[in-house]
Amino acid sequence: MSEDATRAALFERLVLPHVDGAYNLARWLTRNDADAEDVMQESMLRAYRFVDGFSGDNPRAWMLSIVRNACFTWLRRNRPRDIVPLGDGEPGGETLGTVVPLWSSEPLPADLQLERQADRALLDRLLEAMPADGREVLVLRELEELSYKDIALIIGVPIGTVMSRLARARQRLITDWQRATARGRPA
Amino acid sequence: MRAEPHPDNLDALIDGEGTPAMLAAIEAHLVGCAACRSVVASKRKLGAALRGHATRHVAPASLREKWRRIPATAGAPGSETSTILRFPRPIRRLKAAPRWLGLAASLLLVAAGSAGGMHLLDREAAGTERLADEIVSSHIRSLAATHLYDVESTDQHTVKPWFAGKLSFSPPVRDLAEQGFPLLGGRLDYLGRQQVAALIYRHRQHIINLFVWPGPDQPGAIQAGPVEQGYNTLHWSQNGMLFWAVSDVNQGDLQAFADHFRD
């Protein structure tokens with residue numbers, strides 16, 4: 001088999017199955033279709049170039065890490081203000097006792113009312129408005145359903161950071177949800 | 001007082017991550033802590049909402065189609081051309097890279113050792129066209145908004161050190177603003193698998209990419225390379241480096257740029 005054909009076969013086997021997940025991540029990070037497609041083009045080229053050197057056992061994480069790196073490079077260059085970090089917090093700086101006051105005492109309403117189209121759109125909008133690093137872990141965890149280990153591999157941080165970032169991202173999204181819905185409803 | 005688990009650990013519980021000991025400690029804590037139970041309930045609800053209702057974007061069919069393999073005939077004798085036709089033009093060009101790569105590799109070998117000889121020059125001539133092809137593709141890609149600079153600076157003393165940690169060679173960087181070719185920045189790029197430095201210059205409204213990588217000195221003047229898709233190319237060698245300039249400026253301006261750079 002020629003080198004071209006070998007590469008093409010590897011690309012088909014290792015990269016193409018993950019195009020949707022890769023696109024989902026790129027789309028959530030860039031926040032629009034055209035930019036997501038640009039980033040994907042760049043990422044696919046990179047994957048194509050380097051696929052013959054890939055030797056790990058997790059092509060999905062490999063592909064997603066290419067995409068997230070391309071996204072952050074793109075954001076730094078084109079929308080630097082989008083990368084305000086969520087903040088990973090001080091490890092061990094808080095205990096369960098001290099964190100509670102940060103939470104609104106109200107848990108999310110039982111129904112979340114997501115049967116309403118408007119509420120689904122709100123959920124998308126709030127996720128989109130999250131700082132990019134928080135959005136990233138939420139998309140990888142909740143939409144791509146990846147393990148902490150894989151997420152750590154993809155974004156290149158320790159597993160503990162994945163956990164604390166997810167904790168803060170969820171907390172932030174819940175607070176945002178509560179604010180948005182409280183505003184929108186008569187007192 | 002018993003140490004309380006860190007609040008982030010609640011998320012480990014929600015996600016089914018963490019060691020059994022950690023999870024057991026959290027469960028124990030939850031029994032006596034209504035606030036944490038409510039946090040866990042809210043976060044679980046949020047997770048379900050995201051999984052069930054947030055948009056999971058699907059790659060557009062056009063993207064998928066663009067990258068779709070390359071028919072099953074790949075590798076069959078004589079089918080190489082057809083296997084690459086489905087790629088959009090720049091990709092198709094990339095596909096051509098491995099063939100000249102072997103060539104580039106042998107040229108680099110010549111540079112590294114002193115072996116090699118005249119017969120390689122013929123192959124080099126044959127490779128020039130492919131190299132120009134690749135360089136023009138890289139230039140076009142760089143003009144897409146996603147990938148013009150890795151380091152954006154008009155200061156050669158910023159751009160040159162930037163490459164230092166990233167390449168095994170040190171490309172010469174010169175600002176030619178006074179000559180009408182201001183430096184805009186630098187970028188890491190690949191030609192095939194060879195890592196190269198790309199210097200970006202502007203001339204009026206035109207972008208010039210100057211690709212630099214180590215290679216054998218070839219005495220002689222600046223040579224005009226093939227014109228590809230309306231882009232002019234020039235190449236020369238100097239101090240153990242190969243230089244390829246590519247731009248849509250006219251050949252005369254590109255020549256002037258190369259002359260200034262070599263000065």
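Biologist: Which residue takes a positive phi in the hairpin of β3(B) and β4(B)?
Modeller: In that hairpin, which has two residues between the strands, Arg204(B) takes a positive phi near 50 degrees. Strands here are DSSP runs of E with at least two residues, numbered from the N terminus. This is a predicted model, where local features need pLDDT of at least 70, side-chain atom pairs count only at pLDDT 80 or more, and totals for chains, interfaces and linings use all residues. Residues are numbered from 1 along each chain as its sequence is written, while chains are lettered from A and ligands numbered from 1 in the order in which they are written.

Biologist: How many bridges join β3(B) to β4(B)?
Modeller: Seven bridges link β3(B) with β4 (residues 206–214) of chain B, and the two run antiparallel; two strands pair if DSSP finds at least two bridges between them. His203(B) stands opposite His206(B) in β4(B).

Biologist: And what about β2(B) and β3(B)?
Modeller: Strand β2 (residues 183–191) of chain B is joined to β3(B) by eight bridges, again in an antiparallel arrangement, and Gly186(B) has Leu199(B) as its bridge partner in β3(B).

Biologist: Is β3(B) mostly covered or uncovered?
Modeller: Strand β3 (residues 194–203) of chain B is mostly covered, with seven of its ten residues buried, meaning that 20 or more other C-beta atoms, placed from the backbone, lie within 10 Å of their own.

Biologist: Switching topic, which strands stand at the edges of the sheet?
Modeller: The open sheet of chain B has seven strands in the order β1-β2-β3-β4-β7-β6-β5, with antiparallel pairing. At its edges stand β1 (151–152) and β5 (223–224) of chain B, each with a single partner strand, so one side of each is left without a neighbour in the sheet.

Biologist: How many bridges join β1(B) to β2(B)?
Modeller: Two bridges join these antiparallel strands, and Glu152(B) has Gly185(B) as its bridge partner in β2(B).

Notes: A residue is buried if 20 or more other C-beta atoms lie within 10 Å of its own, exposed if 12 or fewer, and partly exposed in between; C-beta atoms are placed from the backbone. Helices (H or I, at least four residues) and strands (E, at least two) are DSSP runs, numbered from the N terminus.
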